Amino acid sequence: MVAERLKQVRAQAEAAAKRVGRDPAEITLVAVSKGRSVAEIEACYSLGQRDFGENRAAELGQKAPMLPKDIRWHFIGSLQTRQAKVARPYTDLLHSLDRARLVNAWAQVEGASPVLVQVNVAGEAQKHGTAPDMAASLVTQAIASGLSCVGLMTIPPLPNTPEDSREWFVALRELGDSLRETFPEIRELSMGMTDDFEVAIEEGATLIRVGRAIFGAPGDPARID
């Protein structure tokens, strides 16, 4: 089943890119493996998937050493400052830099990986992420702290239809375009999940985070053994 689902997601992503004249190679599919077993990840890996996303530092720290070394791990969840040392050894890209304290914590970890600034484009009280008008300040702080800040990430409101997410993806793309005038390294846009990744690609996503469409509906927490 994973093989069929992964093939379908790849085909949908490629079609979405071609609809708007983009090169599908510009888009990285991150298979969201939170709560998934080592065996499930290995099955996906055997199909050529190399980018995986986790949102809990402890779970990442348990699973990553048991899996192939050429996996590129994306940390996509909210990260507590005290967990930075746990997540860092395995994280190739941190998607969720959302506050000044985390900038400091991540910068203090030896060999800190590149980061994306998480932006709360819809201003939802329950969501993490900096306000759009504060993104430039956070990017500035990250760079001044020695971090490689390469783009932006957002989690829009849960859509009823994929089209509902378009305005938020447009907002992130436009913010990225604006910031790039000052920070040319801002080139990545992490946006789009199972319900709306095709729309995200149409609006400029370079990273899409897809879990359920690949692995199926979440079940019980995976056993890490």
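## What sits in the middle

The largest nonpolar core has 59 residues, and Phe52, Leu152, Ile208 and Ile214 are the ones that touch the most other members. Helix α1 (residues 2-19) supplies the largest share of this core, six residues. Apart from that core lies another one of six residues, including Val30, Leu116, Val150 and Met153. In soluble globular proteins, nonpolar side chains tend to be buried together. Keep in mind that this is a predicted model.

**How confident is the prediction?**

- Averaged over the chain, the pLDDT is 94, and 97% of the residues reach 70 or more.
- Residues 220-225 are the stretch to treat with care, with a pLDDT below 50. Beyond near neighbours in sequence, that stretch has 11 contacts in the model.

**Phe52 and its aromatic partner**

- What does Phe52 touch beyond its neighbours within four places in sequence? Its contacts are Val30, Ala31, Ser33, Ile41, Cys44, Tyr45, Ile71, Arg72, Trp73, His74 and Phe215.
- How many aromatic pairs does the structure hold? There is one.
- That pair is made by Phe52 and Trp73, and it's tilted, with 6.0 Å from centre to centre and 45° between the planes.
- The pair links distant parts of the chain, since Phe52 is in strand β2 (residues 51-54) and Trp73 is in strand β3, 21 residues apart.
- Both Phe52 and Trp73 are buried.
- Tyr45, one of the contacts of Phe52, has Arg50 lying over the face of its ring, at 3.6 Å from the ring centre.

**His74, on strand β3**

- You'll find His74 in strand β3, which covers residues 72-75.
- Is His74 buried or exposed? With a relative accessibility of 4%, His74 counts as buried, because the cut-off for buried is under 20%.
- The side chain of His74 makes a polar contact with the side chain of His95, at 2.9 Å.
- Leaving out neighbours within four places in sequence, His74 is in contact with Val30, Asp51, Phe52, Gly53, Glu54, Leu93, His95 and Leu207.

**Leu116, on strand β5**

- Leu116 belongs to strand β5, and its relative accessible area is 0%, so it's buried.

**Helix α5 and what it packs against**

- Which residues of α5 are buried? They are Leu102, Val103, Ala105 and Trp106.
- Those buried residues pack against α4 (84-87), β4, β5 (115-118) and α6 (135-144).
- Ala107 is in helix α5 too, but with a relative accessible area of 29% it's partly exposed.
- Beyond residues up to four places away in sequence, Ala107 touches Ser145 and Leu147.
- Ala107 and Ala144 are 37 residues apart along the chain, and 9.9 Å separates their C-alpha atoms.

- Arg99 is in the loop between β4 (93-97) and α5 (100-108), and at 27% relative accessibility it counts as partly exposed.
- Not counting residues up to four places away in sequence, Arg99 touches Leu79, Gln80, Thr81 and Leu138.
- How far apart are Arg99 and Ala17 in space? From C-alpha to C-alpha the gap is 32 Å, and along the sequence they are 82 residues apart.
- Thr130 is in the loop between β5 and α6, and its relative accessibility of 10% makes it count as buried.
- Setting aside neighbours within four places in sequence, Thr130 contacts Asp98, Val117, Gln118, Val119, Asn120, Ala135 and Leu138.
- Leu138 turns up in both lists, as a contact of Arg99 and as a contact of Thr130.

Notes: Residues are numbered from 1 along each chain as its sequence is written. This is a predicted model: local features need pLDDT of at least 70, side-chain atom pairs count only at pLDDT 80 or more; totals for chains, interfaces and linings use all residues. Side-chain values use heavy atoms; hydrogens and water are left out. pLDDT is the predictor's confidence in each residue, from 0 to 100. Contact means heavy atoms within 4.5 Å. Helices (H or I, at least four residues) and strands (E, at least two) are DSSP runs, numbered from the N terminus. Buried means under 20% relative accessible area, exposed over 50%, partly exposed in between (1.4 Å probe, protein chains only). A polar contact is a pair of N or O atoms within 3.5 Å; within protein, one must be able to donate a hydrogen and the other to accept it, and residues adjacent in sequence count only if both atoms are side-chain atoms. A nonpolar core is a set of buried Ala, Val, Leu, Ile, Met, Phe, Trp, Tyr and Cys residues joined through side-chain atoms within 4.5 Å. Rings of Phe, Tyr and Trp (its six-membered ring) pair if their centres lie within 6.5 Å; planes under 30 degrees apart count as stacked, over 60 as edge-to-face and the rest as tilted. A charge sits over a ring if NZ of Lys or CZ of Arg is within 6 Å of the ring centre and within 35 degrees of the ring normal.
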